[in-house]
Amino acid sequence: MNETSHGKLLKTTCGVVTLLLALGAVSPALAVPNPLRRAIRLIRGTGVQKPPAGEFGLGPRASAHGRYVATLTPDRQLRPRRMLSVRVTVMDGNGRPVSDASLTIAGGMPEHGHGLPSRPRVTRNLGEGSYEIEGVRFNMGGWWEFKVSIEAGGLADTITFNLGL
Amino acid sequence: MTQNRILIRATLVAVSAFLTGADSAPDRWSQAELATLQSLSLEELEPIPSDPTNAVAGHRGAAALGERLFFDTRLSANSAVACATCHQPDRTFQDSIPLGRGVGVTSRRTMPIAATAHAPFLFWDGRKDSQWAQALGPLESEVEHGGTRALYAHAIAAHYRAEYETLFGPLPDLSAVPPSAGPLGDEPARAAWAKLSDTQRTDVTRVFVNIGKAIAAYERRIEFGPSRFDRYVSVVSAGHSGRGILTKEEIAGLRLFLGPANCTQCHNGPLFTNNEFHNTGVPARPGATMDQGRLAGATAVLRDEFNCRSQWSDAPRRCPELEFMMAGDHALGAYKVPSLRNVAERAPYMNAGQLATLDAVLDHYNRAPAEAAGRSELRPLRMNARELRQIAAFLRTLSGPIVVNGRMAVREAH
(Lines give C-alpha, C1' and ligand atoms only; values in the text may rest on other atoms or scores of the structure.)
Protein backbone atom coordinates (compact mmCIF):
# COMPACT_ATOMS: atom_id res chain seq x y z
CA MET A 1 0.00 0.00 0.00
CA ASN A 2 1.57 3.29 -1.05
CA GLU A 3 1.49 6.44 1.07
CA THR A 4 -1.34 8.14 -0.88
CA SER A 5 -3.87 5.26 -0.66
CA HIS A 6 -2.92 4.75 3.00
CA GLY A 7 -3.74 8.40 3.66
CA LYS A 8 -7.03 8.13 1.79
CA LEU A 9 -8.09 5.07 3.75
CA LEU A 10 -7.20 6.79 7.00
CA LYS A 11 -9.16 9.91 6.06
CA THR A 12 -12.20 7.89 5.04
CA THR A 13 -12.12 5.79 8.25
CA CYS A 14 -11.74 8.84 10.48
CA GLY A 15 -14.50 10.61 8.58
CA VAL A 16 -16.95 7.70 8.90
CA VAL A 17 -16.21 7.22 12.62
CA THR A 18 -16.72 10.92 13.33
CA LEU A 19 -19.94 11.04 11.29
CA LEU A 20 -21.34 7.98 13.10
CA LEU A 21 -20.49 9.44 16.49
CA ALA A 22 -22.00 12.77 15.58
CA LEU A 23 -25.18 11.09 14.41
CA GLY A 24 -25.21 8.96 17.53
CA ALA A 25 -24.94 12.02 19.73
CA VAL A 26 -27.74 13.94 18.06
CA SER A 27 -29.90 11.03 16.88
CA PRO A 28 -32.77 11.64 19.33
CA ALA A 29 -33.22 15.14 17.95
CA LEU A 30 -32.74 14.52 14.24
CA ALA A 31 -34.55 12.58 11.57
CA VAL A 32 -31.90 9.90 11.12
CA PRO A 33 -32.86 7.07 8.75
CA ASN A 34 -34.25 4.11 10.67
CA PRO A 35 -31.64 1.47 9.78
CA LEU A 36 -28.87 3.82 10.87
CA ARG A 37 -30.79 4.76 14.02
CA ARG A 38 -31.10 1.08 14.87
CA ALA A 39 -27.38 0.57 14.26
CA ILE A 40 -26.59 3.49 16.56
CA ARG A 41 -28.91 2.05 19.23
CA LEU A 42 -27.16 -1.29 18.95
CA ILE A 43 -23.82 0.42 19.50
CA ARG A 44 -25.17 2.52 22.37
CA GLY A 45 -26.98 -0.36 24.02
CA THR A 46 -30.71 0.43 24.04
CA GLY A 47 -33.23 -1.92 22.48
CA VAL A 48 -36.76 -1.10 21.45
CA GLN A 49 -37.68 1.77 19.17
CA LYS A 50 -39.66 4.52 20.89
CA PRO A 51 -42.47 5.90 18.71
CA PRO A 52 -42.33 9.52 17.53
CA ALA A 53 -43.89 12.20 19.74
CA GLY A 54 -47.03 12.35 17.58
CA GLU A 55 -47.89 8.76 18.59
CA PHE A 56 -48.06 9.71 22.28
CA GLY A 57 -51.06 10.91 24.22
CA LEU A 58 -54.45 10.10 25.69
CA GLY A 59 -56.22 9.94 22.33
CA PRO A 60 -58.53 9.82 20.53
CA ARG A 61 -56.60 6.83 19.21
CA ALA A 62 -57.62 4.08 16.80
CA SER A 63 -57.34 0.35 17.47
CA ALA A 64 -54.89 -1.85 15.56
CA HIS A 65 -57.51 -2.88 12.96
CA GLY A 66 -59.42 0.37 12.99
CA ARG A 67 -62.56 -1.07 14.60
CA TYR A 68 -62.61 1.26 17.60
CA VAL A 69 -61.42 4.69 18.66
CA ALA A 70 -60.89 5.50 22.34
CA THR A 71 -59.91 8.40 24.57
CA LEU A 72 -58.44 8.21 28.07
CA THR A 73 -59.32 10.66 30.86
CA PRO A 74 -57.27 10.12 34.05
CA ASP A 75 -58.74 11.35 37.34
CA ARG A 76 -55.44 13.05 38.22
CA GLN A 77 -52.27 14.03 36.41
CA LEU A 78 -50.33 10.99 35.21
CA ARG A 79 -47.43 10.77 37.60
CA PRO A 80 -45.28 7.80 38.53
CA ARG A 81 -46.13 5.63 41.56
CA ARG A 82 -49.60 7.06 42.36
CA MET A 83 -52.64 4.87 41.87
CA LEU A 84 -55.03 6.34 39.34
CA SER A 85 -58.50 5.84 37.95
CA VAL A 86 -58.86 6.35 34.21
CA ARG A 87 -62.10 6.81 32.30
CA VAL A 88 -61.97 5.33 28.81
CA THR A 89 -64.51 6.35 26.18
CA VAL A 90 -64.92 3.92 23.28
CA MET A 91 -66.44 4.72 19.87
CA ASP A 92 -66.95 2.46 16.87
CA GLY A 93 -65.65 3.21 13.36
CA ASN A 94 -68.68 5.45 12.74
CA GLY A 95 -68.17 7.54 15.85
CA ARG A 96 -70.99 5.90 17.82
CA PRO A 97 -70.39 5.08 21.51
CA VAL A 98 -69.79 1.38 22.25
CA SER A 99 -71.70 0.80 25.47
CA ASP A 100 -71.70 -2.98 25.83
CA ALA A 101 -68.00 -3.75 25.44
CA SER A 102 -65.86 -5.97 27.57
CA LEU A 103 -62.47 -4.37 28.22
CA THR A 104 -59.19 -5.82 29.43
CA ILE A 105 -56.11 -3.79 30.31
CA ALA A 106 -52.47 -4.65 29.78
CA GLY A 107 -49.27 -2.76 29.09
CA GLY A 108 -45.76 -2.12 30.26
CA MET A 109 -42.45 -0.56 29.33
CA PRO A 110 -41.12 -1.95 26.05
CA GLU A 111 -37.68 -0.46 26.68
CA HIS A 112 -37.38 -2.32 29.97
CA GLY A 113 -39.28 -5.49 29.13
CA HIS A 114 -41.69 -5.36 32.07
CA GLY A 115 -45.46 -5.10 32.36
CA LEU A 116 -47.75 -3.00 34.51
CA PRO A 117 -47.00 -3.16 38.25
CA SER A 118 -50.68 -3.53 39.19
CA ARG A 119 -53.73 -5.27 37.74
CA PRO A 120 -56.09 -2.51 36.57
CA ARG A 121 -59.58 -3.44 35.42
CA VAL A 122 -62.93 -1.94 34.52
CA THR A 123 -64.94 -1.48 37.69
CA ARG A 124 -67.93 0.40 36.26
CA ASN A 125 -69.74 0.83 32.95
CA LEU A 126 -70.64 4.52 33.00
CA GLY A 127 -72.81 4.32 29.85
CA GLU A 128 -72.49 6.21 26.55
CA GLY A 129 -69.31 4.24 25.75
CA SER A 130 -67.49 5.27 28.92
CA TYR A 131 -65.91 2.88 31.40
CA GLU A 132 -64.09 3.41 34.67
CA ILE A 133 -60.71 1.66 34.94
CA GLU A 134 -59.33 1.50 38.47
CA GLY A 135 -55.98 0.39 39.86
CA VAL A 136 -53.78 2.02 37.20
CA ARG A 137 -50.20 2.62 38.27
CA PHE A 138 -46.94 3.40 36.50
CA ASN A 139 -43.91 2.86 38.69
CA MET A 140 -41.35 5.01 36.89
CA GLY A 141 -41.06 7.87 34.43
CA GLY A 142 -40.54 7.16 30.73
CA TRP A 143 -42.41 5.53 27.86
CA TRP A 144 -45.30 3.28 28.85
CA GLU A 145 -47.69 1.32 26.65
CA PHE A 146 -51.26 1.17 27.97
CA LYS A 147 -53.24 -1.40 26.00
CA VAL A 148 -57.02 -1.50 26.05
CA SER A 149 -58.44 -4.65 24.46
CA ILE A 150 -62.06 -4.18 23.43
CA GLU A 151 -64.58 -6.87 22.59
CA ALA A 152 -68.12 -5.94 21.56
CA GLY A 153 -70.62 -7.76 19.39
CA GLY A 154 -68.04 -10.36 18.42
CA LEU A 155 -65.55 -7.75 17.22
CA ALA A 156 -62.26 -7.69 19.11
CA ASP A 157 -59.47 -5.17 18.70
CA THR A 158 -56.75 -3.54 20.80
CA ILE A 159 -55.78 0.09 21.20
CA THR A 160 -52.21 0.78 22.30
CA PHE A 161 -51.74 4.17 23.91
CA ASN A 162 -48.19 5.46 24.24
CA LEU A 163 -47.89 7.46 27.42
CA GLY A 164 -44.92 9.56 28.45
CA LEU A 165 -44.56 10.01 32.20
CA MET B 1 1.77 12.85 7.53
CA THR B 2 1.32 15.88 9.78
CA GLN B 3 -2.15 16.28 8.34
CA ASN B 4 -2.90 12.62 9.08
CA ARG B 5 -1.68 12.99 12.63
CA ILE B 6 -3.98 15.95 13.19
CA LEU B 7 -6.85 13.97 11.72
CA ILE B 8 -6.17 11.00 14.02
CA ARG B 9 -5.91 13.28 17.01
CA ALA B 10 -9.16 15.06 16.13
CA THR B 11 -10.95 11.73 15.74
CA LEU B 12 -9.59 10.49 19.07
CA VAL B 13 -10.85 13.67 20.74
CA ALA B 14 -14.28 13.10 19.19
CA VAL B 15 -14.28 9.47 20.37
CA SER B 16 -13.26 10.35 23.92
CA ALA B 17 -15.75 13.22 24.08
CA PHE B 18 -18.47 10.82 22.99
CA LEU B 19 -17.53 8.10 25.44
CA THR B 20 -16.87 10.29 28.48
CA GLY B 21 -19.17 13.18 27.60
CA ALA B 22 -19.89 13.70 31.30
CA ASP B 23 -16.33 14.71 32.13
CA SER B 24 -16.11 17.58 29.70
CA ALA B 25 -19.08 19.43 31.27
CA PRO B 26 -19.99 17.53 34.44
CA ASP B 27 -22.49 20.05 35.69
CA ARG B 28 -24.48 20.66 32.52
CA TRP B 29 -27.83 18.91 32.28
CA SER B 30 -30.32 18.75 29.44
CA GLN B 31 -33.92 19.78 30.12
CA ALA B 32 -34.93 16.09 30.21
CA GLU B 33 -32.12 15.23 32.64
CA LEU B 34 -33.01 18.20 34.81
CA ALA B 35 -36.62 17.00 34.94
CA THR B 36 -35.40 13.56 36.07
CA LEU B 37 -33.16 15.17 38.69
CA GLN B 38 -36.07 17.19 40.02
CA SER B 39 -38.27 14.09 40.13
CA LEU B 40 -35.74 12.64 42.62
CA SER B 41 -35.67 15.69 44.85
CA LEU B 42 -37.24 15.55 48.29
CA GLU B 43 -39.13 18.72 47.41
CA GLU B 44 -41.15 16.61 44.95
CA LEU B 45 -42.35 14.22 47.67
CA GLU B 46 -46.12 14.25 47.94
CA PRO B 47 -47.62 14.94 51.38
CA ILE B 48 -47.84 11.91 53.65
CA PRO B 49 -50.84 9.99 52.30
CA SER B 50 -53.75 9.56 54.68
CA ASP B 51 -54.34 6.10 56.14
CA PRO B 52 -58.11 5.62 56.31
CA THR B 53 -57.57 2.18 57.87
CA ASN B 54 -56.16 3.88 60.98
CA ALA B 55 -58.60 6.37 62.51
CA VAL B 56 -55.90 7.79 64.83
CA ALA B 57 -53.15 8.03 62.18
CA GLY B 58 -53.18 11.84 62.25
CA HIS B 59 -53.82 12.18 65.99
CA ARG B 60 -51.06 13.87 68.03
CA GLY B 61 -52.02 12.08 71.23
CA ALA B 62 -51.85 8.73 69.46
CA ALA B 63 -48.39 9.62 68.12
CA ALA B 64 -47.25 10.56 71.63
CA LEU B 65 -48.52 7.25 73.03
CA GLY B 66 -47.04 5.42 70.03
CA GLU B 67 -43.63 6.96 70.65
CA ARG B 68 -43.61 5.77 74.25
CA LEU B 69 -44.71 2.29 73.20
CA PHE B 70 -42.01 2.23 70.50
CA PHE B 71 -39.31 2.60 73.18
CA ASP B 72 -40.96 0.45 75.87
CA THR B 73 -39.16 -2.84 76.53
CA ARG B 74 -42.07 -4.03 78.70
CA LEU B 75 -43.76 -4.92 75.43
CA SER B 76 -41.73 -8.12 75.08
CA ALA B 77 -41.44 -11.62 76.51
CA ASN B 78 -38.21 -10.85 78.40
CA SER B 79 -38.80 -7.13 79.14
CA ALA B 80 -35.63 -6.35 77.16
CA VAL B 81 -36.89 -5.78 73.60
CA ALA B 82 -38.61 -2.68 72.23
CA CYS B 83 -39.24 -1.61 68.63
CA ALA B 84 -36.22 0.68 69.15
CA THR B 85 -33.99 -2.31 69.93
CA CYS B 86 -33.71 -2.96 66.20
CA HIS B 87 -35.05 0.36 64.87
CA GLN B 88 -32.47 2.57 66.59
CA PRO B 89 -33.07 6.31 66.15
CA ASP B 90 -29.35 7.12 66.17
CA ARG B 91 -28.82 4.60 63.35
CA THR B 92 -31.55 5.90 61.04
CA PHE B 93 -33.97 3.51 62.75
CA GLN B 94 -32.09 0.32 61.79
CA ASP B 95 -29.47 -1.78 63.59
CA SER B 96 -26.43 -2.14 61.27
CA ILE B 97 -26.28 -5.94 61.58
CA PRO B 98 -27.14 -8.56 58.94
CA LEU B 99 -30.11 -10.16 60.76
CA GLY B 100 -32.38 -8.47 63.30
CA ARG B 101 -31.97 -9.58 66.92
CA GLY B 102 -34.84 -9.49 69.37
CA VAL B 103 -35.40 -12.31 71.87
CA GLY B 104 -33.93 -14.46 69.08
CA VAL B 105 -32.49 -13.93 65.60
CA THR B 106 -34.74 -13.14 62.63
CA SER B 107 -34.19 -14.32 59.07
CA ARG B 108 -34.18 -10.84 57.55
CA ARG B 109 -32.35 -7.52 57.69
CA THR B 110 -34.03 -4.82 59.85
CA MET B 111 -35.61 -2.20 57.57
CA PRO B 112 -35.39 1.54 58.26
CA ILE B 113 -38.66 3.30 59.09
CA ALA B 114 -38.46 6.80 57.59
CA ALA B 115 -41.15 7.57 55.01
CA THR B 116 -42.75 4.12 55.20
CA ALA B 117 -46.08 5.97 55.37
CA HIS B 118 -45.66 6.32 51.58
CA ALA B 119 -45.31 2.57 51.05
CA PRO B 120 -48.39 0.55 50.08
CA PHE B 121 -46.76 -2.67 51.34
CA LEU B 122 -44.35 -3.23 54.21
CA PHE B 123 -41.60 -5.73 55.10
CA TRP B 124 -39.13 -7.11 52.55
CA ASP B 125 -41.87 -9.35 51.15
CA GLY B 126 -44.73 -6.86 51.51
CA ARG B 127 -46.81 -9.16 53.72
CA LYS B 128 -48.43 -6.17 55.47
CA ASP B 129 -50.41 -3.34 53.91
CA SER B 130 -50.27 -0.63 56.59
CA GLN B 131 -47.85 0.69 59.18
CA TRP B 132 -50.12 -0.43 62.03
CA ALA B 133 -50.47 -3.97 60.69
CA GLN B 134 -46.70 -4.07 60.21
CA ALA B 135 -46.05 -2.97 63.80
CA LEU B 136 -48.08 -5.92 65.10
CA GLY B 137 -45.93 -8.51 63.29
CA PRO B 138 -42.72 -8.22 65.36
CA LEU B 139 -44.73 -8.04 68.62
CA GLU B 140 -46.07 -11.56 68.03
CA SER B 141 -42.93 -12.95 66.39
CA GLU B 142 -41.26 -15.59 68.57
CA VAL B 143 -37.79 -14.22 67.66
CA GLU B 144 -38.54 -10.48 67.93
CA HIS B 145 -40.60 -9.24 70.89
CA GLY B 146 -41.65 -12.84 71.62
CA GLY B 147 -44.80 -11.94 73.57
CA THR B 148 -48.50 -12.53 73.09
CA ARG B 149 -51.39 -10.16 72.50
CA ALA B 150 -52.77 -10.87 75.99
CA LEU B 151 -49.40 -9.89 77.52
CA TYR B 152 -49.48 -6.60 75.59
CA ALA B 153 -53.11 -5.85 76.53
CA HIS B 154 -52.19 -6.34 80.19
CA ALA B 155 -49.15 -4.04 79.76
CA ILE B 156 -51.42 -1.29 78.40
CA ALA B 157 -53.87 -1.74 81.30
CA ALA B 158 -51.01 -1.58 83.81
CA HIS B 159 -48.95 1.30 82.37
CA TYR B 160 -50.97 3.31 79.84
CA ARG B 161 -54.61 3.09 80.95
CA ALA B 162 -55.37 6.82 80.96
CA GLU B 163 -53.66 7.58 77.62
CA TYR B 164 -55.26 4.58 75.99
CA GLU B 165 -58.76 5.34 77.26
CA THR B 166 -58.55 8.96 76.12
CA LEU B 167 -57.88 7.77 72.60
CA PHE B 168 -59.76 4.53 72.25
CA GLY B 169 -62.40 4.45 75.01
CA PRO B 170 -62.62 2.20 78.07
CA LEU B 171 -60.26 -0.77 78.29
CA PRO B 172 -62.09 -4.10 78.50
CA ASP B 173 -62.13 -6.11 81.70
CA LEU B 174 -59.03 -8.29 81.43
CA SER B 175 -59.23 -9.81 84.93
CA ALA B 176 -60.15 -13.24 83.56
CA VAL B 177 -57.55 -13.16 80.77
CA PRO B 178 -54.32 -15.05 81.62
CA PRO B 179 -51.02 -13.08 81.56
CA SER B 180 -49.98 -14.69 78.28
CA ALA B 181 -52.30 -15.93 75.55
CA GLY B 182 -52.34 -15.56 71.80
CA PRO B 183 -52.94 -17.44 68.55
CA LEU B 184 -49.27 -17.29 67.52
CA GLY B 185 -47.46 -17.87 70.83
CA ASP B 186 -45.91 -21.04 72.22
CA GLU B 187 -47.98 -24.11 73.08
CA PRO B 188 -49.19 -22.89 76.52
CA ALA B 189 -50.06 -19.44 75.10
CA ARG B 190 -52.05 -20.97 72.24
CA ALA B 191 -53.83 -23.33 74.65
CA ALA B 192 -54.74 -20.39 76.88
CA TRP B 193 -55.99 -18.46 73.84
CA ALA B 194 -58.17 -21.41 72.78
CA LYS B 195 -59.87 -21.36 76.19
CA LEU B 196 -60.92 -17.71 75.94
CA SER B 197 -64.43 -16.78 74.85
CA ASP B 198 -64.97 -15.03 71.51
CA THR B 199 -65.68 -11.81 73.39
CA GLN B 200 -62.44 -12.04 75.37
CA ARG B 201 -60.43 -12.72 72.22
CA THR B 202 -62.05 -9.78 70.45
CA ASP B 203 -61.42 -7.53 73.47
CA VAL B 204 -57.73 -8.50 73.69
CA THR B 205 -57.20 -8.24 69.95
CA ARG B 206 -58.77 -4.77 69.86
CA VAL B 207 -56.29 -3.50 72.45
CA PHE B 208 -53.48 -5.17 70.53
CA VAL B 209 -54.61 -3.54 67.25
CA ASN B 210 -54.79 -0.13 68.92
CA ILE B 211 -51.17 -0.55 70.08
CA GLY B 212 -50.26 -0.95 66.41
CA LYS B 213 -52.33 2.07 65.40
CA ALA B 214 -50.67 4.28 68.04
CA ILE B 215 -47.18 3.13 67.02
CA ALA B 216 -48.11 3.81 63.38
CA ALA B 217 -49.27 7.32 64.29
CA TYR B 218 -45.73 7.90 65.64
CA GLU B 219 -43.96 6.19 62.74
CA ARG B 220 -45.86 8.31 60.21
CA ARG B 221 -43.97 11.28 61.60
CA ILE B 222 -40.54 9.78 60.88
CA GLU B 223 -39.34 11.32 57.63
CA PHE B 224 -36.22 12.08 55.60
CA GLY B 225 -34.58 15.50 55.81
CA PRO B 226 -32.82 17.02 52.78
CA SER B 227 -29.47 15.62 51.66
CA ARG B 228 -26.57 17.19 49.79
CA PHE B 229 -28.14 15.80 46.60
CA ASP B 230 -31.37 17.73 47.26
CA ARG B 231 -29.43 20.96 47.72
CA TYR B 232 -27.60 20.26 44.46
CA VAL B 233 -30.87 19.79 42.55
CA SER B 234 -32.28 22.96 44.04
CA VAL B 235 -29.19 24.97 42.98
CA VAL B 236 -28.92 23.58 39.42
CA SER B 237 -32.68 24.00 38.98
CA ALA B 238 -32.21 27.69 39.68
CA GLY B 239 -29.71 27.80 36.81
CA HIS B 240 -26.55 27.92 38.94
CA SER B 241 -23.57 25.60 39.06
CA GLY B 242 -23.75 22.93 41.73
CA ARG B 243 -20.03 22.18 41.65
CA GLY B 244 -19.54 23.54 45.14
CA ILE B 245 -22.16 21.14 46.52
CA LEU B 246 -21.27 17.90 44.73
CA THR B 247 -17.76 16.97 43.61
CA LYS B 248 -16.91 16.15 40.02
CA GLU B 249 -16.74 12.46 40.95
CA GLU B 250 -20.18 12.55 42.62
CA ILE B 251 -21.72 14.30 39.62
CA ALA B 252 -20.15 11.71 37.30
CA GLY B 253 -21.70 9.02 39.51
CA LEU B 254 -25.08 10.75 39.36
CA ARG B 255 -24.85 10.76 35.58
CA LEU B 256 -24.15 7.02 35.55
CA PHE B 257 -26.96 6.46 38.08
CA LEU B 258 -29.46 8.19 35.78
CA GLY B 259 -28.06 6.67 32.60
CA PRO B 260 -26.17 3.47 31.82
CA ALA B 261 -26.42 1.95 35.32
CA ASN B 262 -30.24 1.82 35.00
CA CYS B 263 -30.67 2.51 38.71
CA THR B 264 -33.80 4.65 38.28
CA GLN B 265 -35.67 1.73 36.76
CA CYS B 266 -36.46 0.79 40.37
CA HIS B 267 -34.90 3.51 42.51
CA ASN B 268 -36.98 6.42 41.24
CA GLY B 269 -38.98 9.28 42.70
CA PRO B 270 -38.10 11.41 45.74
CA LEU B 271 -37.70 8.32 47.91
CA PHE B 272 -35.55 6.50 45.34
CA THR B 273 -37.94 3.55 45.31
CA ASN B 274 -40.82 2.54 43.06
CA ASN B 275 -42.34 0.71 46.07
CA GLU B 276 -42.37 -2.52 44.07
CA PHE B 277 -40.78 -5.94 44.47
CA HIS B 278 -37.99 -7.16 42.22
CA ASN B 279 -35.72 -10.17 41.92
CA THR B 280 -32.13 -8.97 41.81
CA GLY B 281 -30.49 -12.37 42.18
CA VAL B 282 -29.12 -11.70 45.64
CA PRO B 283 -27.62 -14.95 46.97
CA ALA B 284 -29.27 -16.57 49.97
CA ARG B 285 -27.40 -16.50 53.26
CA PRO B 286 -25.40 -19.70 53.71
CA GLY B 287 -27.57 -22.28 55.45
CA ALA B 288 -30.77 -20.23 55.06
CA THR B 289 -33.98 -22.03 54.23
CA MET B 290 -35.64 -21.36 50.88
CA ASP B 291 -37.16 -17.86 50.93
CA GLN B 292 -39.88 -17.19 48.37
CA GLY B 293 -39.84 -13.44 48.97
CA ARG B 294 -42.76 -11.51 47.51
CA LEU B 295 -44.49 -14.67 46.24
CA ALA B 296 -45.16 -15.70 49.86
CA GLY B 297 -45.69 -12.07 50.94
CA ALA B 298 -48.41 -11.47 48.33
CA THR B 299 -50.30 -14.52 49.52
CA ALA B 300 -49.81 -13.58 53.16
CA VAL B 301 -51.08 -10.00 52.85
CA LEU B 302 -54.33 -11.16 51.24
CA ARG B 303 -54.92 -13.53 54.17
CA ASP B 304 -53.58 -11.24 56.87
CA GLU B 305 -55.78 -11.01 59.95
CA PHE B 306 -55.02 -7.26 60.11
CA ASN B 307 -55.14 -6.22 56.44
CA CYS B 308 -57.14 -3.32 55.00
CA ARG B 309 -60.21 -5.51 54.47
CA SER B 310 -60.18 -6.98 57.97
CA GLN B 311 -62.63 -6.23 60.77
CA TRP B 312 -59.81 -4.30 62.48
CA SER B 313 -59.42 -1.84 59.63
CA ASP B 314 -61.20 1.52 59.95
CA ALA B 315 -61.94 1.53 56.20
CA PRO B 316 -62.43 -2.09 55.14
CA ARG B 317 -64.52 -1.35 52.06
CA ARG B 318 -61.93 0.68 50.16
CA CYS B 319 -58.69 -1.28 49.66
CA PRO B 320 -57.37 -0.51 46.18
CA GLU B 321 -53.85 -1.71 46.95
CA LEU B 322 -55.13 -5.19 47.73
CA GLU B 323 -57.80 -5.14 45.05
CA PHE B 324 -55.44 -4.35 42.17
CA MET B 325 -52.31 -5.96 43.60
CA MET B 326 -50.02 -7.72 41.17
CA ALA B 327 -49.00 -11.19 42.20
CA GLY B 328 -47.62 -14.05 40.21
CA ASP B 329 -44.65 -16.25 39.45
CA HIS B 330 -42.38 -13.27 38.80
CA ALA B 331 -42.73 -12.54 42.53
CA LEU B 332 -40.64 -15.60 43.43
CA GLY B 333 -37.38 -14.40 44.96
CA ALA B 334 -38.45 -10.75 44.61
CA TYR B 335 -37.99 -8.30 47.48
CA LYS B 336 -39.03 -4.76 48.22
CA VAL B 337 -37.00 -2.01 46.58
CA PRO B 338 -35.62 -0.04 49.54
CA SER B 339 -35.21 3.73 49.54
CA LEU B 340 -31.65 4.79 48.75
CA ARG B 341 -31.89 7.80 51.03
CA ASN B 342 -29.26 7.33 53.77
CA VAL B 343 -28.13 4.15 52.02
CA ALA B 344 -24.49 4.78 52.95
CA GLU B 345 -25.50 4.87 56.63
CA ARG B 346 -27.09 1.43 56.70
CA ALA B 347 -24.67 -1.34 55.78
CA PRO B 348 -24.94 -4.33 55.53
CA TYR B 349 -27.29 -4.59 52.57
CA MET B 350 -30.05 -6.68 50.99
CA ASN B 351 -32.91 -8.67 52.50
CA ALA B 352 -30.71 -10.71 54.83
CA GLY B 353 -27.67 -8.46 55.07
CA GLN B 354 -25.85 -10.66 52.56
CA LEU B 355 -23.63 -7.88 51.17
CA ALA B 356 -21.40 -6.12 53.69
CA THR B 357 -20.55 -2.88 51.88
CA LEU B 358 -21.83 -0.46 49.25
CA ASP B 359 -18.94 -1.56 47.03
CA ALA B 360 -20.10 -5.18 47.32
CA VAL B 361 -23.61 -4.10 46.30
CA LEU B 362 -22.33 -2.25 43.23
CA ASP B 363 -20.14 -5.23 42.34
CA HIS B 364 -23.26 -7.41 42.55
CA TYR B 365 -25.22 -5.17 40.17
CA ASN B 366 -22.21 -4.97 37.85
CA ARG B 367 -21.84 -8.76 37.62
CA ALA B 368 -25.55 -9.69 37.84
CA PRO B 369 -24.96 -13.25 39.09
CA ALA B 370 -27.50 -16.05 38.68
CA GLU B 371 -30.45 -15.97 41.08
CA ALA B 372 -31.02 -18.14 44.14
CA ALA B 373 -34.75 -18.46 43.36
CA GLY B 374 -37.00 -17.33 40.53
CA ARG B 375 -35.42 -15.24 37.81
CA SER B 376 -33.12 -12.27 38.30
CA GLU B 377 -34.07 -9.12 36.41
CA LEU B 378 -30.47 -7.86 36.38
CA ARG B 379 -28.21 -7.70 33.34
CA PRO B 380 -24.47 -7.15 33.77
CA LEU B 381 -23.60 -3.44 33.70
CA ARG B 382 -19.98 -4.03 32.58
CA MET B 383 -18.73 -0.90 34.29
CA ASN B 384 -15.12 -0.33 35.22
CA ALA B 385 -13.79 0.17 38.74
CA ARG B 386 -13.68 3.96 38.33
CA GLU B 387 -17.33 4.15 37.29
CA LEU B 388 -18.38 1.98 40.22
CA ARG B 389 -16.45 4.27 42.57
CA GLN B 390 -18.25 7.25 41.06
CA ILE B 391 -21.69 5.69 41.63
CA ALA B 392 -20.75 4.86 45.23
CA ALA B 393 -19.61 8.47 45.69
CA PHE B 394 -22.95 9.70 44.39
CA LEU B 395 -24.90 7.36 46.69
CA ARG B 396 -23.13 8.93 49.68
CA THR B 397 -24.63 12.30 48.73
CA LEU B 398 -28.08 10.87 49.58
CA SER B 399 -27.38 10.95 53.32
CA GLY B 400 -29.34 13.44 55.34
CA PRO B 401 -30.97 13.84 58.73
CA ILE B 402 -33.98 11.90 59.96
CA VAL B 403 -36.84 14.23 60.84
CA VAL B 404 -39.22 13.20 63.61
CA ASN B 405 -42.32 15.29 64.28
CA GLY B 406 -40.92 17.94 61.96
CA ARG B 407 -37.73 18.28 64.01
CA MET B 408 -34.24 17.25 62.98
CA ALA B 409 -33.29 16.01 66.44
CA VAL B 410 -33.59 12.31 67.16
CA ARG B 411 -34.13 10.67 70.48
CA GLU B 412 -31.46 8.30 71.74
CA ALA B 413 -32.34 4.62 72.04
CA HIS B 414 -33.00 3.47 75.61
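Colleague: Which residues in helix 7 of chain B meet helix 8 of chain B?

Modeller: In this predicted model, I156(B), A157(B) and H159(B) of helix 7 meet R161(B), E163(B) and Y164(B) of helix 8.

Colleague: At what angle do helix 7 and helix 8 of chain B pack?

Modeller: Helix 7 (residues 149–159) and helix 8 (residues 161–168) of chain B pack at about 105 degrees, and their axes are 5 Å apart. Helix 7 of chain B is therefore roughly perpendicular to helix 8 of chain B. By class, their contact has three nonpolar, one polar and two charged residues.

Colleague: Turning to helix 12 and helix 16 of chain B, at what angle do their axes cross?

Modeller: The axes of helix 12 (residues 248–258) and helix 16 (residues 385–395) of chain B cross at roughly 100 degrees and come within 7 Å. Helix 12 of chain B is therefore roughly perpendicular to helix 16 of chain B.

Colleague: Which residues make that contact?

Modeller: Among them are L254(B), L256(B) and F257(B) of helix 12 of chain B, and I391(B), F394(B) and L395(B) of helix 16 of chain B. The contact residues divide into eight nonpolar, two polar and four charged.

Colleague: Now the largest nonpolar core: which residues touch the most other members?

Modeller: Those are L69(B) and F70(B), in a core of 53 residues. Helix 10 (residues 198–219) of chain B supplies the largest share, 10 residues. Domain 1 and domain 2 of chain B each contribute at least three residues.

Colleague: What does F70(B) touch, leaving out residues up to four places away in sequence?

Modeller: The contacts of F70(B) include F93(B), I113(B), I215(B) and Y218(B).

Colleague: How many residues are in the second, separate core?

Modeller: That core has 33 residues, including L256(B), C263(B), L358(B) and F394(B).

How values were computed. Residues are numbered from 1 along each chain as its sequence is written. Chains are lettered from A and ligands numbered from 1 in the order in which they are written. This is a predicted model: local features need pLDDT of at least 70, side-chain atom pairs count only at pLDDT 80 or more; totals for chains, interfaces and linings use all residues. Side-chain values use heavy atoms; hydrogens and water are left out. A nonpolar core is a set of buried Ala, Val, Leu, Ile, Met, Phe, Trp, Tyr and Cys residues joined through side-chain atoms within 4.5 Å. Buried means under 20% relative accessible area, exposed over 50%, partly exposed in between (1.4 Å probe, protein chains only). Helices (H or I, at least four residues) and strands (E, at least two) are DSSP runs, numbered from the N terminus. Domain bounds come from an automatic or database domain assignment. Contact means heavy atoms within 4.5 Å. Axes are lines fitted to C-alpha atoms, for helices over the stretch in contact, and angles run from 0 to 180 degrees between N-to-C directions. Angles under 35 degrees count as roughly parallel, over 145 as roughly antiparallel, 65 to 115 as roughly perpendicular and the rest as oblique. Ala, Val, Leu, Ile, Met, Phe, Trp, Tyr, Cys and Pro count as nonpolar, Asp, Glu, Lys and Arg as charged, and the others, Gly among them, as polar.
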